[in-house]
Every structure is written in structure tokens, then in C-alpha cells.
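Thanks for asking me to look this one over. My notes follow the model, in numbered points.

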Amino acid sequence: MPSETIKLTAKFKLKKTPKGLDDLFSAYREIVNFLITYAFENNITSFYRLKKGTYKSLRERYPELPSHYIYTACQMASSIYKSYRKRKRKGKAKGKPVFKKEVIMLDDHLFRLDLEKGVIKLSTPNGRLNLEFYPAKYHEKFKGWKVGQAWLVRTPKGVFINVVFSKEVKVREPKAFVGVDLNENNVTLSLPNGNFVQIITHEREIRTGYFVKRRRIQQKIRAGKRRKELLEKYGERERNRLNDLYHKLANKIVELAEKYGGIALEDLTEIRESIRYSAVMNGRLHRWSFRKLQSIIEYKAKLKGVMVVFVNPAHTSSLCPVCGGKLSPNGHRVLKCKCGFEADRDVVGSWNIRLRALKMWGVPVPPESPPMKTGGGKVIRYDSFTCFKSSG
């Protein structure tokens, strides 16, 4: 069985903020901004060229600082400058980028994590500090995982260390694929047995509700600490609610796909670049975190040994999965083909996603293959994880 690497990030909140961290955050921010200026003036995006041109002078300026802070600062600065250049080419950036965040990038030379003792050992100009963190139940699942890089982050709620863990998992060869069509308010699955599962997520209502709340706050309170606190409060509530929804959705999808061994998703990485709808629709789609849901599905599937493939999303909801012909609208969200096929557009989308995964696997599908039979597949609908279901 082929193996794949899963990477997940876990957050550790420190119990106390030791003396000396203020100076470390300040020095690191100075170094990153110096490096960004150097990259900007010399148009350097390469980490190696940036380090080669600045390392000696920075070591002389910060002799007490462990050298790997300069390495990670070079990585941070080159990444920031690359992102700036990309945004500038699109007309979305002006001036020179500035690093203002209270964030320090750590590599494996700068910290050691002891999950058993609940301690992180951090290298600083004043020697190694033992930083105790609050243990969380979900930390336990990372025992035995490989520890990668991390970020030391200071926020109004405290100081955190966000650690990247990785694990090699065995992914089996799939018997078949479950096609998953992610939509703004539902997720539709095409099963290899000919049936379809549609889960009504209510994500659009959740996002719209919180959007309206924030808009009212912005209109009533023009500025000040109270405005910021309220916006952050409802923003966090929205994130927590959707995060819980995404994990439950992913668990259900993986559960349904486990016996088949494969999940097919659309490659939506460039979807926001191609969105050209009304201002209201654009705003709704830009607030939709489809990629986050996909990443949660992907890692949960791999932990179960289920393969995940991404297919071209073009025309998945406009071509007939039976004969490959062009579909035409036939009422609210219903599409019809000249061959007689008729179905909901989300059902069509999930069906075509599954067929494209099969094609990637070398299985002939329409229009190259002979026309398929429509079969007697039914749609099973769930409403936000209630146990009630009805077929339609």
C-alpha cells in the first residue's frame, strides 16, 4: 500500500509568559523587517540568496541570539516578499511590505516539545526556557507523531505555540470512489451503488447571520475598543460553529466512503479568481471556506486509509453523466438532457465528480464509453446531522 504524509497543527497555550519574551519578539520583528527591506531593495525572493546577503551582518548585530532565529526570519521574510509581489502584480499591494505581527517562526533547533510533561523548551538569548502549557485532550492524539516547525504567537488572550505534526499513513488502493460536491448550503455525495446522499448544512444561513450581526455593529459603533471586541466575539463564534460543522461533515463523508476506499473532490484552488457574479454573490462565495472543509476531509480520510483525489471542476454541473451531452435548465435547480436524463444540479455535480475520478483511474466514462443507464438511484437527504432522513 502506498504511504502518504499527513500534517496537522496543534495549539498549545502557555501557562505563564516568562521574562525575556518581550525582547525576543521585538528583536525578531526588527530582523524580519530588515530582511524584507533588503529583499524589496534587491528584488530577492530566494531564501538562500537572502540569507547569504544578510546573515553575517545580522550575526554581528545580534550576537546573543541563537543563529536559527535568523534562518527562520529569512524564511518568513522571503515568504512575505513573495506574497507581496504576487499581490502587487494583481494591483492589490502598494508601497513596501511591513511585518507587524507578534509571531516568531521556530525550527527544530529552537524548541523541544515534551507532551508527557507538558513542557516546551525554548532556546533564547538568555538560555533555554521551560515553558509549561495547558494540556488539552486533543493533544494526546499526537503522541508518536513527528514534530516539525512551530510558531510562537502572542495575542491578547495569551502566548501560544502552534506546532506542526506529521505522520506517515498507509493509503489503500480504492475499490471505487465517492463523488463529493461541496456547495454553499449542502454537500452531495454520489455513491458507487447508484444512490446519492445530500446533507443540508445551513452554512449559508450561519454565515449570512453572522455577517448581518457584524454589519449592524459596524453601523452602530463607528470606532473604539467596544466595536473591536464585539466584532472579534462574533467572528470567533462563527469560526467555532463552522469548525464544528466541518468536522462532523468530514466524519460523515469518510464514514460513507470507508468501505469503497476512495473520495473524489473538485480542485477548487482557483475558484475565487474566476468568480464573476453580483457583489452580493461574490461576497457570499468569498466567505465560503470550501478549502478548509476539503483539507479536513482529506486528512480524516487518510487517517482511515481512504484515498482522496482532486478532479477538474469545469462543467461538472452542466454535462450529462449518462451520455455526456449538454444539460439545460428545467425548473428550479433541475437540469435535463436530450437523452431523457433529469436531476438536481447538485446530484449531477457529485455524479460527474465520481466519474472523473474513475476516468483518472483508467475506467472509461461518458462520452468516451457507451451511454450509461440511469438506474433507479435515490437521493437520501439529511438535515444537519439529525437522525431523521427521507428519500426523494
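1. How many helices and strands are there in the protein chain? The count is 9 helices and 17 strands, where helices (H or I, at least four residues) and strands (E, at least two) are DSSP runs, numbered from the N terminus. Before you read on: this is a predicted model, so local features need pLDDT of at least 70 and side-chain atom pairs count only at pLDDT 80 or more, while totals for chains, interfaces and linings use all residues. Residues are numbered from 1 along each chain as its sequence is written, and side-chain values use heavy atoms, with hydrogens and water left out.

2. Overall figures. The C-alpha trace of the protein chain spans about 75 × 55 × 45 Å along its principal axes. Of the 392 residues, 43% are buried; buried means under 20% relative accessible area, exposed over 50%, and partly exposed in between (1.4 Å probe, protein chains only). The chain exposes about 22,000 Å², and carbon and sulfur atoms supply 51% of that. Those accessible areas come from the Shrake-Rupley method with a 1.4 Å probe; for residues, only the protein chains shown count as cover.

3. Contacts and charges. If you take contacts (heavy atoms within 4.5 Å) between residues at least 6 apart in sequence, 65% of them join residues at least 24 apart. On the charge side, the protein chain carries 79 positive and 37 negative side chains, with Lys and Arg counted as positive, Asp and Glu as negative, and His and the chain ends not counted. The centres of the two sets lie 3 Å apart, taking the place of a charge as NZ of Lys, CZ of Arg, CG of Asp or CD of Glu.

4. Strand 1 pairs with strand 7 in the antiparallel sense over 11 bridges, and serine 3 has lysine 170 in strand 7 as its bridge partner. Strand 7 and strand 6 also run antiparallel, joined by 8 bridges; the two form a hairpin with 2 residues between them, and valine 153 is bridged to phenylalanine 160 in strand 7. Strand 6 (residues 146-155) is joined to strand 2 by 4 bridges, again antiparallel, with leucine 106 opposite alanine 150 in strand 6.

5. Isoleucine 161, worth a click. It sits in strand 7 and is buried, with a relative accessible area of 0%. Not counting residues up to four places away in sequence, isoleucine 161 touches several residues, including Ala10, Phe12, Ile120, Leu131 and Trp151. Its C-alpha atom is 8.9 Å from that of phenylalanine 133, 28 residues away along the chain.

6. Alanine 257. This residue lies in helix 5 (residues 225-257) and is buried, at 0% relative accessible area. Leaving aside neighbours within four places in sequence, alanine 257 is in contact with Val178, Gly262 and Ile263.

7. Two backbone angles to check. Most residues other than glycine have a negative phi. Asparagine 43 has a positive phi near 50°; it lies in the loop between helix 1 (21-42) and helix 2 (47-61) and is partly exposed at 43% relative accessibility. Histidine 202 has a positive phi of about 60°; this residue lies in the loop between strand 10 (196-200) and helix 4 (203-220) and is partly exposed, with a relative accessible area of 26%.

Conventions: Two strands pair if DSSP finds at least two bridges between them.
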